[in-house]
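I opened a notebook for this structure and wrote down what I looked up, entry by entry.

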Amino acid sequence: MSEHDDKRAEENGGTRAEQRDGSGESGNRLRKELPQEVAAAESADQDTPEPEPAPDLEPEPEVAPEPRLTGRQRLVQGLWPPRVSRAQLIVALLLFGLGFGLAVQVASNSDSDSALRGARQEDLVRILDELDDRTQRLEDEKQGLEKQRDELENSSDQAEEARRQTIEKERQLGILAGTVAAQGPGITMTIEDTKGTVESDMLLDAVQELRAAGAEAIQVNGVRVVAGTYLTDSGKGVSVDGNKINAPYRFKVIGKSQDLEPALNIPGGVVQTLEKEQATVTVQRSTKIVVDALRAAKRPDYARSSSQ
């Protein structure tokens with residue numbers, strides 16, 4: 001190697017050494033200038049906690065598929081709970097009221113049917129006999145009117161026959177109006193009311209039942225019963241046309257006793273109703289009943305005979 005080469009090598013080596021020394025001095029200078037930042041970075045690296053492992057998550061429970069609903073179950077879910085609007089509520093109340101009214105009407109109409117349904121065979125036979133007797137009375141009345149018409153048409157002295165029939169009719173109307181006394185076969189009904197439970201409407205039912213059975217004259221405790229008679233409650237007693245009467249209530253009735261007594265004793269009739277009120281009812285037949293209580297004949301204020 002020549003001297004020229006040795007010098008170049010020394011120069012190159014010196015240059016490399018100087019470069020190393022220069023880089024070392026620059027590095028030391030940088031370390032001296034940034035000691036705090038490097039330390040802070042190192043401490044931050046040391047203080048930074050290591051990331052904790054994620055906790056093990058429990059597996060979510062598997063959701064069972066919902067069972068399929070049947071048609072009936074879907075219908076029930078659609079109807080319940082009910083979703084009622086105001087209009088639907090009003091309609092429901094109206095229908096309820098209508099149904100209740102119909103039920104009450106049917107129950108009231110079936111009272112008589114239920115009474116007959118529970119009656120004994122003897123009672124049913126007696127009711128049929130009473131209906132037959134009423135039919136016979138109406139037929140007799142019809143025949144009597146036809147006989148009067150024939151007598152008027154066939155009489156040689158029609159004026160005299162008309163006068164005789166008029167007198168007879170007046171007597172009959174006088175009995176019905178209570179202006180004349182009457183006597184004949186019939187019954188006596190006595191009602192003992194020791195509990196004070198008999199009311200005027202019960203006695204009125206008895207009067208109406210007797211009239212329906214063919215009673216021609218009725219007298220209650222000395223008061224004549226006529227077409228316009230009314231009964232009201234009066235304290236512990238009953239008032240008949242304004243005349244107060246007290247128990248025992250005694251009915252004198254003229255008519256066919258075979259019709260009058262069964263009419264009072266039918267199932268659910270007058271006697272059973274009074275006995276339910278703890279009253280004692282006695283019915284006696286008689287061949288002669290005298291009805292002597294009279295009513296004053298009242299002249300009508302406005303009505304006049306059309307022949308005048």
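Which residue takes a positive phi in the hairpin of E2 and E3? I found that it is Asn 221, with phi near 50°, in a hairpin that has two residues between the strands. I note here that the model is a predicted one.

Most residues other than glycine have a negative phi, and most peptide bonds are trans. I looked up the exposure of Asn 221 as well: its relative accessibility is 28%, so it counts as partly exposed. Gln 278 is also listed with a positive phi, about 65°, and is not a glycine. I placed Gln 278 in the loop between helix H10 (270–276) and strand E8 (280–291). Next I looked at the peptide bonds. Ala 247 and Pro 248 are joined by a cis peptide bond, with omega about 0°. Pro 248 sits in the loop between E6 and E7.

**Entry: strand E2 and its partners**

I went back to E2, which covers residues 217–220. Which strands does E2 pair with? Strand E7 (residues 249–254) is joined to E2 by four bridges, and the two run antiparallel. Strand E3 (residues 223–225) is joined to E2 by three bridges, again antiparallel. I followed Val 220 to both partners. In E7 it stands opposite Phe 251, and in E3 its bridge partner is Val 223. I then asked whether the faces of E2 are covered or open. Both are covered: Ala 217 and Gln 219 are buried on one side, Ile 218 and Val 220 on the other.

**Entry: the nonpolar cores**

Which residues have the most contacts inside the largest nonpolar core? I wrote down Ile 191, Leu 210, Ile 218 and Phe 251, in a core of 30 residues. Two or more residues come from each of strand E1 (182–192), helix H8 (200–212), E2, E3, E5, E7, helix H9 (257–264) and H10. H8 gives the largest share, five residues. I listed the contacts of Leu 210, leaving out residues up to four places away in sequence: Ile 187, Ala 215, Ile 218, Phe 251, Val 253, Leu 260 and Leu 264. There is also a second, separate core of six residues, and Ile 175, Ala 182, Ala 217 and Ile 289 are among them. In soluble globular proteins, nonpolar side chains tend to be buried together.

I looked at H9 by itself. It is mostly covered, with six of its eight residues buried. The buried ones are Ser 257, Asp 259, Leu 260, Pro 262, Ala 263 and Leu 264.

**Entry: Asp 241**

Is Asp 241 buried or exposed? Its relative accessible area is 14%, so I put it down as buried. Asp 241 lies in the loop between strand E5 (237–240) and strand E6 (243–245). I looked up its polar partners next. The side chain of Asp 241 has a polar contact of 2.7 Å with the side chain of Arg 295. A polar atom of the Asp 241 side chain also lies 2.8 Å from the backbone nitrogen of Tyr 230. Not counting residues up to four places away in sequence, Asp 241 touches Arg 224, Gly 228, Thr 229, Tyr 230 and Arg 295.

Note on methods:
Residues numbered from 1 in each chain as written. Predicted model: local features only at pLDDT ≥ 70, side-chain atom pairs only at ≥ 80, totals over all residues. Heavy atoms only, no water. Buried < 20%, exposed > 50% of the residue type's maximum accessible area, 1.4 Å probe, protein only. Pairing = 2+ DSSP bridges. Polar contact = N/O pair within 3.5 Å; in protein donor to acceptor, adjacent residues only side chain to side chain. Contact = heavy atoms within 4.5 Å. Core = buried A, V, L, I, M, F, W, Y, C linked by side-chain atoms within 4.5 Å.
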